[in-house]
Amino acid sequence: NINKVDFIVIVGTNKLLEKYNWEPSYTGEIPPVVQSELIRICHLAESGHSHKIRCLLAEGNVDESLPPALRSFVRIENFKCGQENYFDGVLELVKSLYEIPQKELEALIEASERECNYEKSETPQCVIC
């Protein structure tokens, strides 16, 4: 089904690269499922479907967190889930996926804040989709 999706988002971490580079320690050991998926995605990247691939770097650097074939597809280098910049990272992801210019994204956020009666001191009551 990978060929049928609009985008493939990969969150680069040290553990992800470890699973990609996994080798069996004994005959018959079953590889992690993510390894075969990553191999398929790398083949897609190399065969002209790179426009579908977006990599987020959540930990380490590209050499420590992503397979070699995917290292040039990093769109967001500091995607830290659960930290202060999480929502900024999500907005950067949306901007990257849909190629939204920065000024247009800012206008959408401003319009959404007005529509929701959102003030900076309040918790937002709606989400931009």
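Predicted model: local features only at pLDDT ≥ 70, side-chain atom pairs only at ≥ 80, totals over all residues.

L105 lies in helix 5, which spans residues 102–115, and because its relative accessibility is 5%, where buried means under 20%, L105 counts as buried. Between L105 and V94 the separation is 11 residues in sequence, while in space their C-alpha atoms are 9.2 Å apart.

## The overall fold

Of the 129 residues in the protein, 27% are buried, and the protein exposes about 9000 Å², of which carbon and sulfur atoms supply 51%.

Contacts also link parts of the chain that are separated in sequence: among those between residues at least 6 apart, 50% join residues at least 24 apart.

## Two paired strands

Strand 1 and strand 2 run parallel and are joined by 5 bridges.

How many of the residues of strand 2 are buried? The count is 5 of the 5, so strand 2 is largely enclosed by the rest of the structure. This cover is found on both faces of strand 2, with I53, C55 and L57 buried on one side, and R54 and L56 buried on the other.

## The largest nonpolar core

In soluble globular proteins, nonpolar side chains tend to be buried together. Here the largest nonpolar core holds 16 residues, and those that touch the most other members are I8, I10, I41, I53, C55 and L70. Two or more residues of this core come from each of strand 1 (8–12), helix 2 (33–46) and strand 2 (53–57), and it is helix 2 that gives the most, with 5 residues.

The core and the paired strands can therefore be read together: I53 and C55, which are among the residues that touch the most other members of the core, are buried on one side of strand 2 together with L57, in a strand that is largely enclosed because 5 of its 5 residues are buried.

Conventions:
Residues numbered from 1 in each chain as written. Heavy atoms only, no water. Helix = DSSP H or I, 4+ residues; strand = E, 2+ residues; numbered from the N terminus. Buried < 20%, exposed > 50% of the residue type's maximum accessible area, 1.4 Å probe, protein only. Core = buried A, V, L, I, M, F, W, Y, C linked by side-chain atoms within 4.5 Å. Pairing = 2+ DSSP bridges. Contact = heavy atoms within 4.5 Å. Areas by Shrake-Rupley, 256 points an atom, 1.4 Å probe, with all protein chains shown as cover.
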